[in-house]
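Here is a brief report on a structure. Please keep the sequence and the 3D view open while reading.

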Amino acid sequence: MKKAEQIQILFPTHFQFLYDAVESVIDGLQEIRIRVNCPLIFVVQKNEYFIDVRGNITSDFQKAFIMKKADLESVFNHICQYSPYAYDNQICQGYFTVAGGHRIGVCGQVVLDSQTITLMKQICFINIRVSHEIRGIGDSLMPFLYQNGGFENTLIISPPGGGKTTLLRDLAKNISDGNRYAKGKQICIIDERSEVAGCYMGVPQNDVGMRTDVLDGCPKAIGMMMAIRAMGPEVIVVDELGLEKDFKALELASVCGIKILATAHGKGLEDILTDCNQNNEIERKVFERFIVLSWKKNMQGEKVQEWKIYDKQKKLIAEEERI
Amino acid sequence: MIWIGRSIVIMACVILGWNMSYEYEMAIINIRQLMQILEYMMNHIQTEKDTIPDAIKKTSRQIKGEMSNVLEKIAEEILYEHGDSLCAIWKEQMSDTLIKVPKDMMEIFVNVFDHVGYYDSKEQVSRLSQVHMEMEKHLETLEKQKNDKCRLLKSMWMLGGIFVVILLW
């Protein structure tokens with residue numbers, strides 16, 4: 001199924017007027033934001049557009065189609081395949097994944113039971129985040145991530161929206177399938193938020209390689225231990241390290257001889273070094289390579305992504321700019 | 001020659017009587033199958049927390065006959081085709097099936113997904129079990145009347161045949 005169809009299918013019949021709009025902007029479509037009594041917004045290459053009742057894309061707010069609560073409910077039910085109960089755990093976390101690996105973020109009224117979210121009801125805000133799998137994005141980094149044919153523990157650092165997960169996915173695929181620097185390795189992805197593999201009904205919707213097992217929706221710390229015991233991976237891939245227990249599990253995994261490919265939020269290497277939890281881990285020298293991603297404007301005023309790769313001694317070993 | 005004609009009329013009526021009683025029995029079997037479909041779906045929703053289309057798809061693999069194809073078609077339509085609501089697709093496909101069950105019973109079954117969108121699988125299951133119970137009640141009545149009705153149908157048609165023969169005497 002084409003990506004446009006995967007998005008179109010999320011809308012019930014009475015939103016057919018959106019189908020053409022989706023089709024026309026699908027290549028750059030990042031988000032569809034749906035809010036009660038507010039205009040429907042398409043975010044295309046970081047620009048916002050409204051959709052009028054005829055399905056035309058417009059920048060004019062006055063012409064925008066306004067979502068009623070009943071409309072939003074019908075869209076939500078349709079996305080959930082009329083079975084919100086099947087997604088209750090994910091909805092409590094604020095998102096769920098649909099076919100194609102696209103993520104549906106939801107907001108509404110939260111029901112708490114002793115500080116635990118047990119239900120989210122009256123969902124009035126939906127954000128359809130279109131999955132963008134960019135293949136080959138990590139190819140040029142591969143030579144720096146291996147030493148003597150062995151993969152080096154690697155941490156990708158970037159601020160939110162910096163492209164960590166996209167890069168992580170491609171690197172995982174490269175390591176799993178094998179490349180000119182090393183043979184393919186058995187990989188286990190601990191995909192706590194279903195972002196890396198984008199599993200839908202357990203099946204990865206993104207290409208994560210042929211030797212990759214995915215532990216979907218599992219907390220990282222528990223998942224790493226489970227993977228070590230059950231799947232015997234050579235490399236463990238985790239997205240967005242943050243909690244101390246994640247790092248403890250990571251340390252244990254690395255002691256077991258398993259290589260790690262992970263990401264963490266941060267503006268640069270300094271952020272990681274000054275962060276108390278992560279600093280501990282880095283001091284223990286788990287990671288041997290650091291890839292720092294950041295966005296900047298080049299001479300022509302174009303937005304470019306800058307990649308810097310550091311080694312164990314925090315010495316810059318490579319850098320690259322990409323539009 | 002006349003006697004041959006008379007016996008053909010009587011034979012035809014007897015066969016029709018048998019056929020009708022057979023249809024009555026088949027209706028009971030079909031109702032049991034519809035109830036079984038509901039049971040399978042309830043199980044999938046309860047134990048595996050499957051979405052309704054997934055439950056329908058899995059159920060289509062568990063049952064045999066025409067209903068299996070119908071269920072598979074419904075699931076495919078919901079999962080991979082644009083637009084229509086589950087309720088509309090279910091109603092359309094179920095109304096088109098050739099499966100023979102009493103009209104009121106089919107209506108209950110066709111409307112089973114009028115209420116969806118529950119946040120708790122128990123609620124969805126209880127909705128299905130409500131329909132299941134309604135069908136069970138109907139089935140009990142039909143089964144109680146089965147012997148009498150079948151006998152009645154057979155004898156009525158036979159008598160009808162004899163009556164026609166007497167009329168044409």
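## A nonpolar patch on chain B

Leu152(B) is found in helix H6 of chain B. Helices here are DSSP runs (H or I, at least four residues) and strands likewise (E, at least two), numbered from the N terminus. Helix H1 (2-48) and helix H6 (121-167) of chain B each give two or more residues. H6(B) gives the most, with three.

## Model and confidence

This is a predicted model: local features need pLDDT of at least 70, side-chain atom pairs count only at pLDDT 80 or more, and totals for chains, interfaces and linings use all residues. Residues are numbered from 1 along each chain as written, chains are lettered from A and ligands numbered from 1 in written order, and side-chain values use heavy atoms, without hydrogens and water.

The model scores ipTM 0.75 and pTM 0.76. Chain B averages a pLDDT of 87 (the predictor's confidence in each residue, from 0 to 100). In chain B, 99% of the residues score at least 70.

## A salt bridge in chain A

The structure holds 17 salt bridges over all chains (a side-chain nitrogen of Lys or Arg within 4 Å of a carboxyl oxygen of Asp or Glu). One of them pairs Arg289(A) with Glu152(A), at 3.7 Å, N to O. Arg289(A) lies in strand E15 (residues 289-297) of chain A and Glu152(A) in the loop between strands E9 (150-151) and E10 (154-158) of chain A, so the pair ties together parts 137 residues apart in sequence.
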